[in-house]
Structures are given as C-alpha cells and as structure tokens.
Amino acid sequence: MKTVSIRFNLNGRQVSHEVPANQTLIDLIRRQERLLGTKLSCDQAVCGACTVLVNGQPRAACATFAFEADAQDVVTIEGLADGDGLSAVQQAFLDNAAFQCGYCTPGMIMLAAALLQQDPDPGEAAIRRWMGANICRCTGYQMIVDAVRAAAGAKS
Amino acid sequence: MTDAAQTPGTHRNIPAFDLHRPASIAEACRLAEKFAGRCVFMGGGVDLLQNLKSGLAVENLIYLKSVPELRAIGIEDGTLRIGACVTHRDLETDPLIAVHAPALAKVWGEIGNVRIRIAGTLGGNILSGDPGYDGLPALIALNAVAVFEDTNGPRAVPAAQLAGAENAGLLTAIEVPIAPSRRFLMDRSLKPVVSVALSADVRGGAVANARVGVGCAFRIATGGPLPMAGDLTTADAAARGAAIAQEFAGQLPDPLDDVFASSGYRRRMIAVLLARQLRALAEAG
C-alpha cells in the first residue's frame with residue numbers, strides 16, 4: 001500500500017492521519033499538523049534541528065518516516081510547555097540566553113529534555129557528549145551547556 | 001497562516017513505494033521471496049532514507065522494526081545473540097551486554113552521536129557497505145557470525161566473509177562468542193583513515209586466539225586471525241607487539257589510496273594502532 005493509516009499520541013493528544021508511505025515525519029508535523037516549531041535544515045539527520053522525541057528518545061524527524069510514528073508517543077517543542085508555564089529546559093534556555101539566531105533552539109531543547117529525562121543530574125562532560133548530537137551554526141555552545149546545567153539544577 | 005501546500009517540506013522527495021510491515025521473521029521472509037529483486041529491508045533507516053532522498057527507487061519497502069524478534073538480545077551456550085535490529089544505543093545500555101561484553105558496550109557508546117545510536121541498528125551498520133562504519137571491523141575481531149534467513153531456513157556467514165553476502169536473505173541476528181577471558185579493544189582515533197579492532201583471550205598471562213578487524217582502509221572491512229610465531233605472553237606482548245603488528249599489516253592487501261590518506265600511510269597506521277593495542281593487552285594483564 002502506498003498510503004498508511006496511522007494513529008499516535010502527539011503532544012498528549014491522539015491524532016489520526018492517512019499518510020503517504022514515503023512521507024517524512026517532519027512533513028507530517030509541519031504541513032498537516034501545522035506545528036512549525038520543529039525546524040528543517042540539513043535534511044539528512046546530521047544537524048538535529050528537526051529533533052523530536054519518539055517515546056522519549058530524540059529522533060531526527062527529517063530522517064524518520066511518518067508511518068514510524070504509528071502507535072508511538074511523539075513530543076515536539078510545542079508539547080513541552082504547560083499552558084503558559086515553560087518547561088524547566090525552556091526556562092533555562094531563556095535565562096541563559098542560550099540562542100543566537102534561534103534556528104537550532106527547538107532541536108537543542110528537545111535533545112536536552114531527553115537527556116534530563118534519562119539522567120536528571122548529568123555532569124558537564126555528559127552534557128557535552130549528549131548535546132554533541134546537534135549543531136548550532138552560530139556556535140553558541142557554551143550558553144547551551146550552561147542552560148542544560150541550570151535546567152538540571154532546577155529539576156533536581 | 002499559510003496552508004499545508006505552501007509550507008516548505010523536505011528538500012528532496014522520496015519516490016513512492018509500497019509499505020509492508022511484517023510481524024515476524026517468517027512473514028518478512030515470505031514477503032522478500034514474493035518481491036524478490038523488487039524490495040528492500042528497512043531497519044533503522046539511517047542509510048536507507050538518505051539513499052532514497054538521493055534517488056534510490058524502491059518498489060517495496062519491508063519495515064523490520066515491526067518484528068519484535070529482531071530486537072532481542074540473548075545469551076545461549078557462551079554466545080551472545082544480538083537481533084539484527086538492535087540499535088547502537090541498545091548495545092551501549094543493555095544490561096546483558098554490560099555484564100557479558102562490557103568492552104563492546106563502552107566502544108559502542110562512542111560511535112556516531114546519541115541521536116544516530118538511537119536510530120541505527122547493528123544489522124544496518126554491517127550491511128550498509130560503508131567501509132568507515134564500525135560494526136564490521138568490530139565483529140570480525142570478535143569472530144562473530146551473521147545469521148541470514150530466507151524461506152528455506154537460516155544460514156550462518158562469518159563476519160569476515162560478509163562481502164557479497166548482502167543478498168543472502170534477511171539478516172536476523174549476529175552471534176558473538178563470549179568468554180570472561182575475551183578482551184576487546186577498538187581504536188577509532190584515526191577515522192576515516194583507519195580503525196583497528198583487536199580481540200583476544202587473555203588467561204594466566206597468555207594471549208591466545210587474537211583476531212583483528214580493520215575498517216576504513218579497504219572497500220569492505222577486512223581481517224582475521226593475528227598470526228603469531230609461538231606463544232605470546234602478556235609479559236612479552238609489549239616487546240614483540242610491534243613486530244607482530246608490522247607483519248600482520250604487511251600481509252594485508254593494498255589499502256585504499258584516497259583523499260584521506262595514501263595506501264602506504266594506512267598500512268603503516270594499521271601496524272602502529274595494532275602495536276599499541278597489543279601493548280595495552282600486556283599492560284592490562
């Protein structure tokens with residue numbers, strides 16, 4: 001079949017779609033779901049700007065098929081805040097000015113959120129190793145590391 | 001707000017294909033037989049999606065993440081059985097691997113980045129044909145066997161003979177012999193020039209059954225037993241290591257000559273890295 005019926009949890013709500021089998025998850029998120037926080041950049045799973053969480057794990061949405069989300073739990077940057085209350089990671093990025101142009105920020109925040117879910121109190125070396133999966137082309141890495149450390153402190 | 005059609009999508013279109021989501025190895029094998037020559041298996045999709053975006057056309061895509069058997073890790077009779085769709089992240093974090101192959105878990109926590117380790121599978125890694133990938137040299141050193149299946153049954157292919165076996169059927173598992181005495185070292189510091197993996201039994205001061213896998217330096221990772229004249233003890237592994245490594249490197253076919261390094265440099269570095277590893281074995285006792 002060239003189209004697939006999928007049903008999955010997106011930012012806490014059940015969604016259903018009939019998707020072309022060859023559609024990527026980022027196109028489903030941005031074009032059908034209209035969630036524009038997830039950014040497309042390299043389109044080859046290298047930069048991490050499109051990072052979303054699938055079952056709590058960071059995945060490049062540009063290199064994931066939409067059908068792979070079937071029956072899974074997907075969280076995008078729009079799913080982190082609780083109403084007007086930012087998540088600890090979002091607040092820490094704000095407090096530490098951990099962005100310059102901001103294009104990599106949603107992916108960085110999702111990546112950091114996954115780290116803190118798995119390791120609530122990572123040291124700086126662990127933060128650098130984990131966050132090394134995503135690229136900030138403005139090279140504002142120090143503030144990003146500071147923000148993740150601050151978010152860990154705020155959570156623990 | 002713009003409508004969906006105006007929102008920019010992925011830059012490169014993936015050609016349409018028929019999707020199949022088998023629930024078992026047997027069903028996957030039946031699909032592969034039915035669509036022989038017109039299908040591709042997808043594990044983590046790390047390489048496949050890029051190939052599809054670069055123009056690879058596929059009529060039928062058989063998605064293997066829907067087969068739970070392919071995600072299993074188990075131990076039987078001194079053999080670690082790793083399902084073909086076990087991810088790099090699983091290898092890094094699985095409790096069984098941590099107990100029975102801790103050195104493998106440690107090396108695997110350093111390949112790619114965490115996002116890639118979560119997506120990529122061991123099976124996809126060794127079948128990708130990318131000479132720079134780490135799976136094959138590691139598995140050659142570890143004397144692993146790749147198990148393929150088709151509707152006629154399973155077939156085992158030693159990791160060192162994997163070249164040309166890509167069409168042997170569905171890769172279902174990788175079997176790695178394990179023992180408490182087995183040591184494993186992998187030096188990835190000179191990628192993409194060379195990578196060298198060494199495995200050996202170290203027991204009572206003796207080094208035995210040493211095997212080497214070399215990545216990056218050939219079209220497909222190569223290697224095998226490390227020939228040694230007479231017994232090697234940990235005490236003299238440091239002293240004799242350089243000569244043994246040089247002899248091994250000298251007997252390899254001509255390494256690749258490309259923009260990263262000359263063939264001669266690669267051969268020399270294989271010897272250097274291997275000598276360091278033999279010394280490390282000696283020092284660790």
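The entries below go from the sheet to a helix and then to the interface.

**Entry 1, the model.** I remind myself that this is a predicted model.

**Entry 2, the sheet.** I began with strand order in chain A and found an open sheet of five strands, S2-S1-S5-S3-S4, with mixed pairing. Which strands stand at the edges? I noted strand S2 (13-20) and strand S4 (57-60) of chain A, each with a single partner strand, so one side of each has no neighbour in the sheet.

Next I followed strand S3 of chain A, residues 51-54, which pairs with S4(A) in the antiparallel sense over four bridges. For A:Thr51, I found the bridge partner in S4(A) to be A:Ala60.

What lies across S3 and S4 of chain A? I found helix H3 of chain A, residues 105-118, running at about 35 degrees to S3(A).

I then turned to the contacts and got 22 residues of chain B touching 29 residues of chain A. On the chain B side, strand S1 (18-20), helix H2 (46-53) and helix H6 (114-119) each supply at least two residues. Which element of chain B gives the most to that side? My answer is H6(B), with four residues. Sorting the chain B side by class, I have twelve nonpolar, seven polar and three charged residues.

Terms used:
Residues numbered from 1 in each chain as written. Chains lettered and ligands numbered in written order. Predicted model: local features only at pLDDT ≥ 70, side-chain atom pairs only at ≥ 80, totals over all residues. Pairing = 2+ DSSP bridges. Contact = placed C-beta atoms within 7 Å. Axes fitted to C-alpha atoms, helices over the stretch in contact; angles between N-to-C directions. Nonpolar A, V, L, I, M, F, W, Y, C, P; charged D, E, K, R; others polar.
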